[in-house]
Amino acid sequence: MGNVDGDAAGAEREAGDAGADVRAAPAGEWEREPHPSDSLRTFGAVVQALREHAGLSRAELAALVQYSKHTVESVELGRRMPDEAFVERAEQALGNTGALRKAARHLTRGEAGLAAWFRRWARLEREAVSLCTYECRLVPGLLQSQAYARAVFEGTIPLRTDAEMEVQLAARMERQKMMRERPTVPFSFIVEEHVFRRRFGGAEAMRELLDHVLERSAPRNVTLQVVPLESGLHACLDGPMRILETPAGQRLGYSEGQKNGRLISDPKQVSALCQRYETLRSQALSPDESRALLERLRGEL
């Protein structure tokens, strides 16, 4: 899938504490990511419905929340991201039911380079205290060389413009900074051997990719294990997955398919993913054996 890691021509980087949002939301509420404008339109519709139920005009609500009538209109039409002060004042002015505070937790603002379904996970990654990734399709986005990432985007269907690909590439390289900037956070990767054998470009491009992966996986907080071709069937054949732990100790999962992704918060489902990952970890090559395999593959080029 060309959009592996959700880095597609979408948008992201919303304000707010994503970790706090997940802790506050019941299991299941964080399993779908709306289109970037959908959450704003939905929030605006809630504001409008509550305002009309209260018998207030936009001008009257504007006076109560101490914002202009134009701002109230823009929020109701989904054209403007409300700040915390607007949400709190509107909540109090419209019955203090808690509906607006709860709806505001799901607001998203566009950030170029990341697919809509991947945004919440990308926010959670930046706050996670540990991150585990199993990949069977492509080299994980956090380990991709720039040339490899560009080749992935060039092969994506439908085709992107050069400008769109540059936005995607910049987003992926920016996301990789997380590993360098968080040296005490454990990053674990389990990747199928055939992923590293899949050719792109020439021998030099492949050597560059393997060098990049070896460099990125060298720090003490990064663990890379390869599942060898001869390992046969194993516990994670349902597809790629990610697991993280929030600062509050909550574990969340993420799975991705063709043009969609799913954030998994149900404890039983996350527990099953954790068990599968730990089982596969015992079946994969050790970190030292995995590095030796990648170095051998590089030498064969």
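1. Two residues are in contact here when heavy atoms of theirs lie within 4.5 Å. The model under review is a predicted one. By that contact rule, Leu61, Leu64 and Val65 of helix 3 meet Phe86, Arg89, Ala90 and Ala93 of helix 5. Of the residues in this contact, six are nonpolar, one is charged and none is polar.

2. The geometry of this helix pair can be stated briefly. Helix 3 covers residues 58–65 and helix 5 covers residues 84–93; their axes come within 9 Å and cross at roughly 115°. The crossing of helix 3 and helix 5 is right-handed.

3. Aromatic pairs come next. A search of the whole structure finds three of them. One is formed by Tyr67 and Phe86: the ring centres are 5.4 Å apart and the planes stand at 70°, and because an angle over 60 degrees counts as edge-to-face, that is the class of this pair. Tyr67 sits in the loop between helix 3 and helix 4 (69–76), while Phe86 belongs to helix 5, so the pair links distant parts of the chain, 19 residues apart. Phe86, which also takes part in the contact with helix 3, has a relative accessible area of 2% and is therefore buried, the limit being under 20%.

4. Tyr148 and Phe200 form another aromatic pair, again edge-to-face, with 5.0 Å from centre to centre and 85° between the planes. Tyr148 is part of helix 8 (residues 146–154), and Phe200 lies in the loop between helix 10 (193–197) and helix 11 (203–216); the pair therefore ties together parts that are 52 residues apart in sequence. Both Tyr148 and Phe200 are buried.

5. Six of them make an open sheet in the order 3-2-1-4-5-6, and the pairing is mixed. Strand 3 (222–227) and strand 6 (260–264) stand at the edges; each has a single partner strand, so one side of each has no neighbour in the sheet. From one strand to the next, the twist averages 10°.

6. Which strands pair with strand 4, and in what sense? Strand 1 (residues 130–135) pairs with strand 4 in the antiparallel sense over five bridges, and Ser130 stands opposite Glu245 of strand 4. Strand 5 also pairs with strand 4 in the antiparallel sense, over four bridges. Strand 4 (residues 241–245) has four of its five residues buried, so the rest of the structure largely encloses it.

7. Strand 5 (residues 251–257) can be followed through Gly253. On the strand 6 side, Gly253 stands opposite Ile264. Strand 5 and strand 6 pair in the antiparallel sense over five bridges. The hairpin of strand 4 and strand 5 has five residues between the strands, and in this hairpin Gly249 takes a positive phi near 90°.

8. A last point concerns Thr184. Is Thr184 buried or exposed? Its relative accessibility is 72%, and since the cut-off for exposed is over 50%, Thr184 counts as exposed. Thr184 is placed in the loop between helix 9 (162–181) and strand 2 (187–192). Thr184 and Arg220 are 36 residues apart along the chain, and their C-alpha atoms are separated by 8.7 Å.

Technical notes. Residues numbered from 1 in each chain as written. Predicted model: local features only at pLDDT ≥ 70, side-chain atom pairs only at ≥ 80, totals over all residues. Heavy atoms only, no water. Axes fitted to C-alpha atoms, helices over the stretch in contact; angles between N-to-C directions. Helix = DSSP H or I, 4+ residues; strand = E, 2+ residues; numbered from the N terminus. Left-handed = near helix turned anticlockwise from the far one by under 90°. Nonpolar A, V, L, I, M, F, W, Y, C, P; charged D, E, K, R; others polar. Phe/Tyr/Trp six-rings, centres within 6.5 Å; stacked < 30°, edge-to-face > 60°. Buried < 20%, exposed > 50% of the residue type's maximum accessible area, 1.4 Å probe, protein only. Pairing = 2+ DSSP bridges.
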